[in-house]
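Please open the model in a viewer and keep the sequence panel at hand. The stops below proceed from one selection to the next.

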Amino acid sequence: MAKQAAGGGVRAQREPAGHAGADARRADIAGQVVLVLQGGGALGAYQAGVFHALHDAGIEPDWVIGTSIGAINGAIIAGNPSGERLERLHEFWRRVTWQGGCGGATGTNGWLAGLCGLPVSAAEWLRDLSIVTQGIPSFFTPRADAWFGLYGAVGPERAAFYRTEPLRDTLTSLVDFDFLNARRMRLTVGTVGVASGHMHYFTNRDMPLAVDHVMASAAFPPGFPSVRIGGEAYWDGGIYSNTPLEAVLDDRPRRDSVIFTVQLWPVHGPEPASIREAMTRQRDIQYSSRAESHLERQKQIHNLRHVIRELGRHMTEGQRESDAIRQLLDWGCGTTMQVIELDAPRSCGHDLHKDIDFSASGIERRWKAGYDDTRSMIERAPWRTPLDPMEGIAIHRSDPAAV
């Protein structure tokens, strides 16, 4: 039974280490466990809830792939020993919780102390205004000169409305990069080259990762400045592809995988009835990054690989020994990808600025939703269902509700 935690999220009664139930759940997963995390700012609390439920069930990822807030959550998960990951995630989300609002408005936020008596829409507007104008002290702070010098040639590292040095300090304190680069868990973060416009994934399998790689993946313009790595400036990979699922589906060598992909932006939604709802729906479609069409294309590719493998079985040994045939058969494989799609709940209010809702209640609500949805999926355990020999990818979706 999950219990509410101070500062957002839920704390669940955990199964003790070595618990037979947890061991059984991990044992019935064929291949590697992959956690794929979208970008979405404050919506990333849902991802923390997803990991929380996996952790409590004894299902630790072998590989985390993330973009933007997904890269931040991923770095905290992969950059700490198993027993410290959840604690560090809680600490990150505690630090980035907006401190204004009822009973918590102090100092420069003192003028917001009356939020309790305001209508919900007005209180949310004032909350968003506070975050936009004052930032989140442990995450980002305003660059005052940016608002008065939009055309100033300041260079890509300063061409942004906010400073992100606070995020750098937060990550440095919460991620053990020596542990991360010991490669006990693989981490991949998505970025896009500012000049090249090409998607680029950095992974600790191929090179040591530093705080700059995570910062680059979270450098969403024009709010956050680009980060220079190896002479090239990089931005948040979410502006190119916000669903970094292709990183695992195109990986070599291919391995059987159970992939928990966490969607923060709903692909499907109702038709808008107002301009505000139209703007909200446009953002949902944009940042969902055509995840469904990508998956359908990948299903076709993997099916063809299985077809090639089956064709090889109908050939004689002599035919298979031909150099030309052997090269063609190398395109075939028998790996299976069980994609477990976890969709964050839609907002009842069609909240245009839901990705900057760093309020304690918003973080707690999304964390709990991620935890509950994942617990339900774990109970279903759809990865146990055998695949047709000709199928390479199976997709299992949750049924998100509005919150």
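## A strand and its neighbours

Begin by selecting L35, whose bridge partner in β4 is V64. This is a predicted model, in which local features need pLDDT of at least 70 and side-chain atom pairs count only at pLDDT 80 or more, while totals for chains, interfaces and linings use all residues. Residues are numbered from 1 along each chain as its sequence is written, and side-chain values use heavy atoms, with hydrogens and water left out.

Two strands are taken to pair if DSSP finds at least two bridges between them; helices (H or I, at least four residues) and strands (E, at least two) are DSSP runs, numbered from the N terminus.

Next, show β11 (residues 257-263), which pairs with β3 in the parallel sense over six bridges. Within β11, T261 stands opposite V36.

How many of the six residues of β3 are buried? Six of the six are, so the strand is largely enclosed by the rest of the structure. Buried means under 20% relative accessible area, exposed over 50%, and partly exposed in between (1.4 Å probe, protein chains only). In a regular strand the side chains alternate between the two faces of the sheet. Here Q32, V34 and V36 are buried on one side, and V33, L35 and L37 on the other.

## One face of a helix

Move to α6 (residues 165-174), where P166, L167, T170, L171 and L174 are buried. Look down the helix axis: these buried residues fall within an arc of 130°, so they line one face of α6. The arc is that of the directions from the helix axis to the C-beta atoms. Among the elements against which they pack are α3 (69-78), α4 (82-95) and α8 (211-217).

## Aromatic rings

Select F92 and W93, an edge-to-face aromatic pair with 5.3 Å centre to centre and 90° between the planes. Rings of Phe, Tyr and Trp (its six-membered ring) pair if their centres lie within 6.5 Å; planes under 30 degrees apart count as stacked, over 60 as edge-to-face and the rest as tilted. F92 is buried at 0% relative accessibility, and W93 is buried at 1%.

Then display F139 and F358, whose ring centres are 5.8 Å apart with planes at 85°, so this pair is edge-to-face. F139 lies in the loop between α5 (120-134) and β5 (141-142) and F358 in the loop between β12 (337-343) and α14 (360-380), so the pair ties together parts 219 residues apart in sequence. Ring pairs link F92, W93, F139, F140, Y162, F224 and F358 into a cluster.

## Backbone details

Most residues other than glycine have a negative phi, and most peptide bonds are trans. Select P221 and P222: the peptide bond between them is cis, with omega near -5°. P222 is in the loop between α8 and β9 (227-229). The bond from R252 to P253 is likewise cis, with omega near -5°.

Finish at S68, which has a positive phi of about 60° although it is not a glycine. S68 is in the loop between β4 and α3 and counts as buried at 12% relative accessibility.

Key:
Contact means heavy atoms within 4.5 Å.
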